Amino acid sequence: MMRPWIAFFSQTGSEIANLSEQLGRWPDVIVVNERKVERVIDSRLQNKKVVFVSNRPTESELINILQWFETPIITLHGWLRIMPPEICETYEIYNGHPGLITTYPELKGKDPQVRAINAGYKVLGCVLHKVSAGVDEGEIILSDSFSSKGLVESDIFRILSETSLKLWSNFLKDKI
């Protein structure tokens, strides 16, 4: 029996779509928060089980969804909200982060790739970490890095996306 998979996003959901296509499996539920800013959600998520929550969902709002499944694995893909401590302690949750926080702890938080590019870091990368109540504080599960020498911003964003996809795929293929 396959393990239930719940994926969260706040932006476009394209990473979930790319990962799902690569794995040959879609999440059982995709959770997205309502946003005050206009955004385009990846069209590949149409006809998938997508559940919208409020912009800043409460713990009980999240638990109402998470309790649908026994022992789900939960993944965060650009989820721009902090998970409540009780949820972090109760569920197995992982986050992909496009900042090499193993080398540069100052890249914890939102938009680390932009901050790394602006600071001129020579080595960039991604991590996959267990989610805890702190921002990007959980145990690092996987990481990968690359040299930014000679790369323009669009190349960096593409390589970060590919690196994240590779980390997620390697991790999830044996979990779900």
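Q: Is Asp28 buried, exposed or partly exposed, and what is its relative accessible area?
A: Asp28 has a relative accessible area of 30% and is partly exposed, a class lying between buried, under 20%, and exposed, over 50%, with a 1.4 Å probe and protein chains only. This is a predicted model, in which local features need pLDDT of at least 70 and side-chain atom pairs count only at pLDDT 80 or more, while totals for chains, interfaces and linings use all residues. Residues are numbered from 1 along each chain as its sequence is written, and side-chain values use heavy atoms, with hydrogens and water left out.

Q: With which residue does Asp28 form a salt bridge?
A: Side chains of opposite charge can pair when their charged atoms come close. A salt bridge here is a side-chain nitrogen of Lys or Arg within 4 Å of a carboxyl oxygen of Asp or Glu. Asp28 pairs in this way with Arg25, their closest N and O atoms being 2.7 Å apart, and Arg25 counts as buried at 10% relative accessibility.

Q: How many salt bridges does a search of the whole structure find?
A: The search finds ten, including one between Arg158 and Asp155 with an N to O distance of 3.7 Å. Arg158 and Asp155 are three residues apart in helix 5 (residues 153–172), so about one helical turn separates them; helices (H or I, at least four residues) and strands (E, at least two) are DSSP runs numbered from the N terminus. Elsewhere, salt bridges that share partners join Arg3, Glu92 and Lys175 into one network.

Q: Which residues have the most contacts inside the largest nonpolar core?
A: In soluble globular proteins, nonpolar side chains tend to be buried together. A nonpolar core is a set of buried Ala, Val, Leu, Ile, Met, Phe, Trp, Tyr and Cys residues joined through side-chain atoms within 4.5 Å. The largest one has 18 residues, and those with the most contacts inside it are Phe8, Ile74, Leu76, Met83 and Ile93. The largest share of this core, three residues, comes from helix 2.

Q: Which residues of helix 2 are buried?
A: Leu62, Ile65 and Leu66 are buried in helix 2. They lie on the same side of helix 2 because they cover an arc of only 95° around the axis, the arc being that of the directions from the helix axis to the C-beta atoms. What covers the buried residues of helix 2 includes strand 1, strand 2, strand 3, strand 4 and helix 3, where contact means heavy atoms within 4.5 Å.
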